[in-house]
Structures are given as structure tokens and as C-alpha cells.
Amino acid sequence: DLSTSGEQTVTVEYTEKETTVSDTYTIQVDKLVPVSLAISGEFKQKFFVGETFTHEGLVATVTYNNHSSETVTPTFSSPNMSTAGTKEVTVSYTLNNVTASDTYNITVSTVVPTKIELSGDYKTSYFVGESFSSEGLVVTATYNNGDVATVNPTNISTPATDSAGNKDVTVTYTYGGTSVYASYTISVTQVVPTNIVASGYKSSF
């Protein structure tokens, strides 16, 4: 019975002229166990912090002690996706209490902004001495994982409005240790009289 591991007795018989002779010998039937596992396929190896780990596309092929091989459904270790760095993933397959495994590395990167864009209805024309305001300014950040979101800027520079001219305003957004910048220009105009009205004088003599 080759379906059961262990020592098995084989009986050999020979019959001629109604006379039968026989002999026996012993064979060892080994359990089918994996001896190696190889991974292949197109699977994701670059992730961002907080992203869900996936092994979709990975193909695991196991080779057994009888030299046969097949594609199997393995188990995977769970890498820590909450921190950045290189993480090792172990791929394993167990049969008859024997495990074969292989490993591969994934890279988990910190999510950082790559740029910010400015929009909205904000003031760009001032008079000398008028207070600067960024009210109405909308800041939109794009991140290295493709996400886009409206954010609160880390800093907005305050231009001097005590003199006339064009002044640059720098907007800074910092996240994940990375800062990105955008700027816009305001115009500051000198206050000048546009007309005069005379009053309180005698017009008849």
C-alpha cells in the first residue's frame, strides 16, 4: 500500500504446474514532503507607510522529495507596514509537517508631499500700510503615493506692506519631514490723492 508511509512488505510469487513458490522483501515508503519552494511572477514590492500589504501576482512553486513540482497556495509572513524601511517577507508551504520556504524584500516608503498648488479667491492688491491677509487662499498638496488633498499650510510669509512695489509671498507645507513651497506675488500701491474738495472759504467780497 503505497498510500501509507513506512516499511511495506512485498510478496513475490511464482506458480508452475500447480506449485507456487514465494518470497518477500521490504521497501520503505516515504511521506511526500516539500524540499524547496521558489517564487516567481509579477508582484508588488514597493509600498508606502500605512498601505495594505498584498502578494497578488506571486506564484509559489514547490518541489517534493520525489522530484515532482507544482504550483501551491503558500502562507505569508506579515510585514510591519507602519514604518518605513526594507522588510523581509517569508513565503512558506507545509505538507506532512515539513515546511519549505523562500523570502523576498519589499520597500516601505514614507508618504511625503511632492508639490503644492495655490488657488482660491485671495487678495493680491494692497495699499501701503494695509495689513496683509491670506484669507481665501486654498493650498492643495500632491504626495508621492499619488494622493491629492487640501491642506493647511505650515507657514505663509508676511510681506512688507510699508512700501510700494511687488512683493513675493512664500507658502510652505511640511509633512513627513519634507517641505514643499509655492509662491505668489502681491502688488502694494502708494496711497495718492485722486481729487481735492475745497470748503470753508469765502467766495464773495
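User: Does Tyr104 count as buried or exposed, and what is its relative accessibility?

Analyst: This is a predicted model, and every value discussed here is computed from it. Burial is read from relative accessible area, where buried means under 20% and exposed means over 50%. Tyr104 has 6% relative accessibility, and therefore counts as buried.

User: With which residue does Tyr104 form an aromatic pair, and how is that pair arranged?

Analyst: A pair of aromatic rings is described by the distance of the centres and the angle of the planes. The structure holds seven aromatic pairs. One of them joins Phe43 and Tyr104 in an edge-to-face arrangement, with 4.8 Å from centre to centre and 65° between the planes. Phe43 belongs to the loop between β3 (34–41) and β4 (46–48), whereas Tyr104 belongs to strand β9 (residues 98–109), so the pair ties together parts that are 61 residues apart in sequence. Phe43 is likewise buried, with a relative accessibility of 16%.

User: Why is the pair of Tyr143 and Tyr175 called edge-to-face?

Analyst: Planes over 60 degrees apart count as edge-to-face. The planes of Tyr143 and Tyr175 stand at 75°, with ring centres 5.6 Å apart, so this pair is edge-to-face. Tyr143 is in strand β12 and Tyr175 in strand β15, and the pair links distant parts of the chain, 32 residues apart. Tyr143, Tyr173 and Tyr175 form one aromatic cluster.

User: How many helices and strands does the protein have?

Analyst: The protein has 16 strands and zero helices.

User: What is the pairing in the open sheet of four strands?

Analyst: The pairing in that sheet is mixed, and its strand order is β11-β16-β15-β14. At its edges stand β11 (125–127) and β14 (155–156), each with a single partner strand, so one side of each has no neighbour in the sheet. Between β11 and strand β16 (residues 178–189) the pairing is parallel, over three bridges. In this pairing, Ser125 stands opposite Ser187 in β16.

User: Where is the place of Thr172, and which residues does Thr172 touch?

Analyst: A residue is read by its element, its cover and its contacts. Thr172 is in strand β15 (residues 165–175). Its relative accessible area is 12%, so Thr172 is buried. Leaving aside residues up to four places away in sequence, Thr172 touches Pro153, Thr154, Asn155, Ser179, Val180 and Tyr181.

User: How many salt bridges are there?

Analyst: The count comes to three salt bridges.

- Glu51 and Lys44 are 2.3 Å apart at their closest N and O atoms; Glu51 is partly exposed at 25%, and Lys44 is partly exposed at 35%.
- Lys115 and Glu117 have their closest N and O atoms 4.0 Å apart; Lys115 is partly exposed at 40%, and Glu117 is partly exposed at 42%.
- Glu130 and Lys123 have their closest N and O atoms 3.4 Å apart; Glu130 is partly exposed at 26%, and Lys123 is partly exposed at 35%.

User: What percentage of the residues of the protein count as buried?

Analyst: Of the 205 residues, 24% count as buried. The protein exposes about 13,600 Å², of which carbon and sulfur atoms supply 47%. Among the contacts with a separation of 6 or more, 47% are accounted for by residues 24 or more positions apart.

Note on methods: Residues are numbered from 1 along each chain as its sequence is written. This is a predicted model: local features need pLDDT of at least 70, side-chain atom pairs count only at pLDDT 80 or more; totals for chains, interfaces and linings use all residues. Side-chain values use heavy atoms; hydrogens and water are left out. Helices (H or I, at least four residues) and strands (E, at least two) are DSSP runs, numbered from the N terminus. Buried means under 20% relative accessible area, exposed over 50%, partly exposed in between (1.4 Å probe, protein chains only). Contact means heavy atoms within 4.5 Å. A salt bridge is a side-chain nitrogen of Lys or Arg within 4 Å of a carboxyl oxygen of Asp or Glu. Accessible areas come from the Shrake-Rupley method with a 1.4 Å probe; for residues, only the protein chains shown count as cover. Two strands pair if DSSP finds at least two bridges between them. Rings of Phe, Tyr and Trp (its six-membered ring) pair if their centres lie within 6.5 Å; planes under 30 degrees apart count as stacked, over 60 as edge-to-face and the rest as tilted.
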